[in-house]
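Colleague: Please take me through the terms used for this model and how each one is reached.

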Amino acid sequence: MIPVNRYNYPALFFEKSLCALETALNTAPAYSDLRAFDPGPGAPVDERYAAMPELTKQMIRDHFPDGTVPGFRDVEEGLLRGEIEYTFTGGTTGERVVNIWNRKWWDSSEASSWKLNARTARLEYPQKEAKLASSLNVGVNCEEDLPQEYRTVGRTLYLNEKISPVQWQPRHYARMARELESFRPVILEANPSLLARLAFWAADGGTELYSPSVIVFTFESASKIHLEAIRGVFSSPFISSYGTTETGFVLQECEEGFLHQNIDFCRTDFHPLKNMYGGPELGRILVTTFDNPWNSVLRFDTGDLVRLHAAGECACGRNTGLIAEAVEGRASDATFTTEGGLITTAALDRELAKIPGIRDYQLEQAGRTRYELRLMLKDAPRGVTAEARRALISLYGRDGDYEIKETKNILPGPSGKFRRTRANFDFDLKELFV
């Protein structure tokens with residue numbers, strides 16, 4: 001594990017780390033069995049963290065509802081007083097979980113993350129905001145078309161009430177364009193896959209779209225293909241925000257394009273992949289939350305692969321905390337070369353983004369040397385399939401068996417989010433890491 005002093009943490013960070021550890025082990029029921037792993041108060045705090053097993057979604061499910069609630073608080077009373085609510089995360093069956101969610105802490109975490117980018121740091125929190133995501137993730141869910149007033153809550157307009165963009169008809173795209181113009185949000189928070197669909201529609205029809213002060217990408221990592229499409233119709237600056245329902249806002253992209261840790265609200269322990277799989281600069285992060293009065297999250301595995309900033313310093317001047325170049329995709333979405341090397345979703349995306357005409361894609365590794373790539377195209381020049389094949393060969397190996405098909409649409413998964421790469425065989429995630 002890379003030592004935390006690489007990240008120039010202040011003394012207060014270690015004090016918060018110690019408080020979070022002691023609170024979890026001594027007052028949250030889910031962690032009572034983990035006390036046996038603790039080397040004790042006499043050991044350095046980083047050593048104590050390193051000795052702790054990670055928190056998994058299965059552990060949260062097993063101890064719900066009060067397992068991760070610290071300080072012997074009463075969940076039923078918290079629900080009755082409106083201090084907390086139950087929030088459902090997306091994902092596959094194995095990833096779904098119900099969490100204790102405290103809005104006050106969540107909003108404070110987001111407000112803190114805004115300080116990590118010069119554009120949002122200039123804004124007062126909160127701001128008038130529009131959201132574009134699957135209704136399975138945020139907002140209201142309805143098969144019927146809902147009027148704007150039914151999709152507006154306080155300062156926030158939810159542009160979409162459908163679970164999938166496959167349900168969008170021309171009237172839905174036109175409605176989004178009209179509502180952006182009339183509502184005029186300061187912030188547009190969007191799933192980049194969905195915003196790209198709106199961008200493609202606008203570009204195809206020559207429709208101008210209102211550009212807010214800032215576009216914040218969340219819910220998934222942005223494809224370079226989609227970023228280019230969005231940049232073609234919006235003049236707004238882009239910011240990527242990374243976090244989870246369990247951990248709040250963990251990383252925020254600065255104006256230089258790097259992701260910075262929200263150190264006032266979380267601790268991140270970086271665990272590298274083995275060198276043969278892309279380490280030591282590529283790995284996972286285990287997140288511990290600070291000061292959440294209702295949910296004690298200790299070393300939670302977010303499931304994503306993060307690439308550290310090679311230099312460890314950023315031109316923006318914010319050099320306290322972990323700095324990452326990118327979130328490369330979910331570890332469970334890794335695919336492998338014919339020789340067993342690991343390929344992240346972002347690595348494939350970088351290659352396919354070089355090929356004009358591709359609007360979306362999905363790659364399934366059907367076997368150790370068999371790959372099936374589906375391409376969503378629009379007015380693509382001749383030779384796209386051949387170029388895609390060359391890209392796959394350069395990434396995965398000359399001895400691979402590659403099948404490439406064109407498709408009219410790429411569908412999201414059961415969570416409403418898109419899974420663009422996956423290996424259709426079992427592999428042990430733990431074996432990938434040091």
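This is a predicted model: local features need pLDDT of at least 70, side-chain atom pairs count only at pLDDT 80 or more; totals for chains, interfaces and linings use all residues.

Modeller: Residues are numbered from 1 along each chain as its sequence is written, and side-chain values use heavy atoms, with hydrogens and water left out.

Colleague: Why is Asn-262 called buried?

Modeller: Buried means under 20% relative accessible area (exposed is over 50%, partly exposed in between; 1.4 Å probe, protein chains only). Asn-262 has 2%, so Asn-262 is buried. Of the 434 residues of the protein, 54% count as buried.

Colleague: What makes the place of Asn-262 a loop between two strands?

Modeller: Strands (E, at least two residues) and helices (H or I, at least four) are DSSP runs, numbered from the N terminus. Asn-262 lies between strand 10 (259–261) and strand 11 (266–272). The protein has 20 strands and 11 helices.

Colleague: Which residues is Asn-262 in contact with, leaving aside its neighbours within four places in sequence?

Modeller: Contact means heavy atoms within 4.5 Å. On that basis the partners of Asn-262 are Ser-109, Ser-112, Ser-113, Leu-116, Phe-249 and Val-250.

Colleague: How do you know that the radius of gyration agrees with a compact globule?

Modeller: The radius is taken over C-alpha atoms, and the globule rule is 2.2 Å times the number of residues to the power 0.38. For 434 residues a compact globule would have a value near 22 Å; the protein has 22 Å, therefore the two agree. The C-alpha trace spans about 65 × 55 × 40 Å along its principal axes.
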